[in-house]
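Please view the sequence and the structure before reading the points below.

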Amino acid sequence: MRYELTRFAPLRSLLKSRWPQLAVQVVALAGLVLVIASGLVGTPVGNRNFAIVMVWIAWWAALMLVAVPLLGRSWCSVCPLPLPGEWLQRGAVLAPRGRGFGLNLRWPRKLRGMWLQNGAFVLVALFSLPVLTQPRLTGVLLAGLVLLAIALSLVFERRAFCRYVCPVGGFIGLYAQAAPIEVRVRDAALCAAHTTKTCYTGSAEGYGCPWQVFPGTLKANTYCGVCLECLRTCPYDNVAINLRPAGADLGLSKGRGLDEAFKAILLLGSGLAYIAVLLGAWSAPRAAAAAIGSPEWFTYALIFLAFVLVFIPGLLLLAVQAGLWLSRSRIGSVHGLRALSPALVPIGLSVWIAFSLSFLLANLSYVFPVVSDPLNLGWNLLGTAGVGWTPYGQGLFPWLTISVLLVGLTWTSRRIGAIAEELGGGLKLALPLWIVTFLLAVGALWLLVL
Amino acid sequence: MRASASHPSLPRNWLPGAVLALAALAVVFLPAWLRPTTPVDRTLRLEARSFEFSPSVLTVNRGDRVTLEVVALDVVHGAHIDGYGLEVTADPGQTARLTFVADRAGAFTIRCIVPCGPLHPFMIGRLRVDPSDTLVRAMALAILAVLVGALLSLRHPPAAAPSGPEAGA
């Protein structure tokens, strides 16, 4: 069941035009410059610094609570991080003209997939508490990502940074599968018959897919950055933006790589770890996570890595193996884990939403002073510089976060059952994974409720 | 035996869902079965230093009249109790007091309200007001959530699976 939004000619024209997208990108880029500047030279007081507050409270909350669950990868279509590199690579800001700069090499085959992104995410996660609280580190991290994106754009073709390296990109891509929106072709046969495949090779109207995706065979949102180039380059107007049932991609158990399965597991484990470390009552893990280089930090890093890279994956693999044994299935356990991994997306997303809600509502009031005085120069641009700290929505907790987790658990349980049925294992295959995801959800509930 | 999607058997279709819905309502709205002990007056010392409260978890019983003595050990700190909307600020080396009746059961986050350094937003502790059945209710709802998900997956078996997502050209 799909409803094509781009059937409305004005909307299609609006999306095909480069100007609206460019306008948002320029605003986002200006915001990024301000964020990096305030991070590097602004006040070191995190909750008064524009970079910390706008990135880790405002942007993160908007991303996790609105953009990803409702709009999938739409943020990637306006994300400012790769823009300078992309403009240099293209030698243009708008439509194709002439030659750009760079070597345009193909990304090494051995580095394809999500493994680099998984590694980048773990690396950022290990240092996340200092980055979240120290403006200079946030400034350095973002400036470093922009420079890395420029360097990769000048060496490799298309958006190699976004596709293979960006630590947030893999995160957004995985959970974008749950979104009720998609870019897909209307008629795949038309794409197959189209010899020049301008959506991938490019034309005078637009660039070949920067995300290295052929829209004609696109089945999931994971790697589609919603850049809208295929909408511009398709001579048959065969590309559509559809409303669809949320999580439509999660029905695809085939064709899942181990890297993608591991991403789902890694993010689920990391979400639980973030709730425990950042929102838990215990201060020792937070102190250890902040003290980079100390023996306590190494202990924290070891426990964090063991939890997200060994314990959670091992637990889920054991559950799949138990299910395969119970159902007497002849499927290999790694294959079973890959096939069942889309079912972990809803529970993982709900863990991250619960974490983000708790963090956002407690800290949202920090946004108002910094937007009035982003450079800490004593300005009061919006008249909100004097707004004090106030936690919002405290009466909603803990039932708001409990409800979010229950929705995720219900959805995950449904997907586990459906995929287990598809794999021929039925209830016996699903049962151990139902139990383990229930236990993980109860762990999250315990951390949030006690 | 699964009900056919094209020829739904009405009782078989709605009965499990109705039972689960009733069970969920019962879990949410059943009166609290845990009875609080006789209320007493309690004085609790809460030490605040960058960036932690000690003890990190305070436990009282519902109905207790609680006097919280917040002692700032290094710089100015404060304590805000979520859910109760109460707060107090303590100067370095000083003790600030806050008295209230713990009339709501549950776990409530205690947050520092005076910016005290980089980890200030994460300077948090907990006030536990017993007896609280929130976790028990949440766990019961989680069991129901799994059952609902399982039921839905059985009632709506997957369509013929399309081929997997293609990422490259």
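Leu86(B) is the bridge partner of Ile81(B) in E6(B). This is a predicted model, in which local features need pLDDT of at least 70, side-chain atom pairs count only at pLDDT 80 or more, and totals for chains, interfaces and linings use all residues. Residues are numbered from 1 along each chain as its sequence is written, and chains are lettered from A and ligands numbered from 1 in the order in which they are written.

**Hairpin in chain B**
- Strands E5 (residues 77-81) and E6 (residues 86-90) of chain B run antiparallel and are joined by five bridges; strands pair if DSSP finds at least two bridges between them.
- Four residues lie between E5(B) and E6(B) in this hairpin, and Gly83(B) in the turn has a positive phi of about 85 degrees.
- Helices (H or I, at least four residues) and strands (E, at least two) are DSSP runs, numbered from the N terminus.

**Helix H2 of chain A**
- H2(A) spans residues 18-41, and its 24 residues reach 34 Å from first to last C-alpha, close to the 34 Å expected at 1.5 Å a residue; the expected span is 1.5 Å times one less than the number of residues.
- Its buried residues are Leu32(A), Val35(A), Ile36(A), Ser38(A) and Gly39(A).
- A residue is buried with 20 or more other C-beta atoms within 10 Å of its own, exposed with 12 or fewer, and partly exposed in between, C-beta atoms being placed from the backbone.

**Asn242(A)**
- Asn242(A) lies in strand E5 (residues 239-243) of chain A.
- Asn242(A) is partly exposed because 18 other C-beta atoms lie within 10 Å.
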